[in-house]
2 protein chains.
Amino acid sequence: MPQRSTPTLKELARLAGVSVSTISRALANNPAIAPATREKIQRLAKEQGYRPNAQARALQSRRSGSIGLIVPSLVNSYFATMATQVQAEAMAHGLNTLIVNANENPDTLNDLLDNLSHHQVDGVLCVPLEESRDRIEQLASTIPVVLIDRDLPDSQLYSVTSDPAPGMRSALKLLKHHHLLPLGYLSGPMSTSTGRERLTVFQQGCVDYEIDDPRIFLGGYEQQRGLEDALTLLKQGVRTLFAGDSMMTIGVLQACHRHRLRIPHDVAVVGFDRHPAFELQQAPITVIDQHVSDMATLAFRILIGVMADNPPDQRRTYINTTLITRESTQCL
Amino acid sequence: MPQRSTPTLKELARLAGVSVSTISRALANNPAIAPATREKIQRLAKEQGYRPNAQARALQSRRSGSIGLIVPSLVNSYFATMATQVQAEAMAHGLNTLIVNANENPDTLNDLLDNLSHHQVDGVLCVPLEESRDRIEQLASTIPVVLIDRDLPDSQLYSVTSDPAPGMRSALKLLKHHHLLPLGYLSGPMSTSTGRERLTVFQQGCVDYEIDDPRIFLGGYEQQRGLEDALTLLKQGVRTLFAGDSMMTIGVLQACHRHRLRIPHDVAVVGFDRHPAFELQQAPITVIDQHVSDMATLAFRILIGVMADNPPDQRRTYINTTLITRESTQCL
């Protein structure tokens, strides 16, 4: 007689008439679920012969005490801050963090993904590249993987990303209000969720705040692109440069310093992220803050939740961006 | 009859009348050793029953294809650059790099050291903290470890560090020549080789270039220390601030910006390392360049040499620092 297979969380959810996450949290004895519900679900699971899945059991039996973090760059201080915060959280939970850097290169990322699974990490936080999607999902079939900073469209993996709308819309409103126009935008690459989402928010914001004829450059998350595209936009008569990430913001500052352009007199600047160079200016730079430390904390907590078979209710978690207004967008 | 033990490289060196490194390189078939010498040494090794040591054999049998890199900070872009370059070199050699961050904390470093050995890395590059010396040497008894950026006094481990003298002495000569005095120095901690060596070079340079009464602050490798100590030195009437690392240089710039001090008119500044914030100034900052990418490349090559039982001749390898003169020390 064949052994009866263990029911899935989904089957238990259908039988109990509740969501998968309720089942999962009830089985993890999470106090967010009412005691009577927890008891009912635990009894049902027992009756149905539920066993935690192979992955979870494997984890329990060979806990390495380490997690992996895959970042696309370390010279970008945004990701260095992310790595530092993930590590601090992990350490507070008695876990070590192995950090690997994909250098924005899908081949490198694929190698790292293959390799990480051999290093017995209990889970992985990954800033994904879309070209590596298959390999990321393959790894996720063996250990818990949570996406951070960027998302993969239509993926089933949990993710924590920033919502660019609050910060970017505040910036656009400010620029319109101070007549800091015409406006040029240095966009991130269309192969990243962040690049696409920020461009959409920018375009919609320009419509809503009646900012006419914004110039848009489809760039990359690189300092050199920021420098070159800034110079092109300035030649086109742009009054304000809006850079779609840290690295391009550095490029914009390079362009301004090289050509002795005074900020905000000759050109106003809006950038992304807290970076020491942005505050340490004659006129400090107005930026969209993605609260990367909060993002790292939340992603880590979701990862340990998934590792404990206690995932969040929603697949995607968003961190609101905020605008930090400094002198680079001062009304003159 | 007990099995005769394999001779050590040292014993072979004594028998052949050559250095240990010649033996090691000859056995590794390194073309730097004359073919006749190589052949002679290989024959001798065979006669004496030489077998590569247990560590080297273990490595050969369980190569993980990964190395570990331990840095004391990632928000310090100097170490982020180091990590990026080590990883690029390792990747070019078909090796992955696991990066771990000790946050300048000996307890964290001890945990990381214990943990790295469980992750099957083939070798480790480590920026040491002196309080963790015992654990570093313990790890080095099981896998090859090469020190980078900082050294452990009287250690037997190979190290690659920068020689602060060429860059710092050029800076002191320039400051004296341009009459940018009195001078204040923000020193790194005395618990690091870099902190001690740079202070010695600073003091000797002041004597040699007849810079009278330099003010010295024993600080730490932290931005906040740079900010506070800079303000104290400025109150003491210092004309030029010389910061002993990247993080303190950022602190000095914070102090200048907060108090609207114009560089170099009100205060001249010399810093350490290439950091985007140092170039992106109204008056870009003169810095001592430690050539951290070259340091990373060299340390990686020494590590794979040690892993292949082919270590360098000298225990310590130095990278010369150079002075990058920019407007922050301009003669007015």
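Colleague: Which conventions apply?
Modeller: Residues are numbered from 1 along each chain as its sequence is written, and chains are lettered from A in the order in which they are written. In this predicted model local features need pLDDT of at least 70, side-chain atom pairs count only at pLDDT 80 or more, totals for chains, interfaces and linings use all residues, and side-chain values use heavy atoms, with hydrogens and water left out.

Colleague: How much area do chain A and chain B bury between them?
Modeller: Buried area is the accessible area (1.4 Å probe) that two parts lose on being put together, summed over both. Contact, meaning heavy atoms within 4.5 Å, takes in 37 residues of chain A and 38 residues of chain B. Carbon and sulfur atoms carry 56% of the buried area, and the value is about 3,200 Å².

Colleague: Which three residues supply 19% of the area that chain A buries against chain B?
Modeller: The side of chain A that touches chain B has 15 nonpolar, 19 polar and three charged residues; here Ala, Val, Leu, Ile, Met, Phe, Trp, Tyr, Cys and Pro count as nonpolar, Asp, Glu, Lys and Arg as charged, and the others, Gly among them, as polar. More of chain A's buried area comes from this set than from any other three residues: A:His119, A:Leu280 and A:Gln282.

Colleague: Which side chain meets A:Glu327 in a salt bridge?
Modeller: A salt bridge needs a side-chain nitrogen of Lys or Arg within 4 Å of a carboxyl oxygen of Asp or Glu. Between chain A and chain B the count is two. In one of them the N to O distance is 2.8 Å, and the partner of A:Glu327 is B:Arg260.

Colleague: Which residue does a cis peptide bond join to B:Leu181?
Modeller: Omega of this bond is about 0 degrees. The residue asked for is found in the loop between helix 8 (165-177) and strand 6 (183-187) of chain B. The residue is B:Pro182.

Methods: Helix = DSSP H or I, 4+ residues; strand = E, 2+ residues; numbered from the N terminus.
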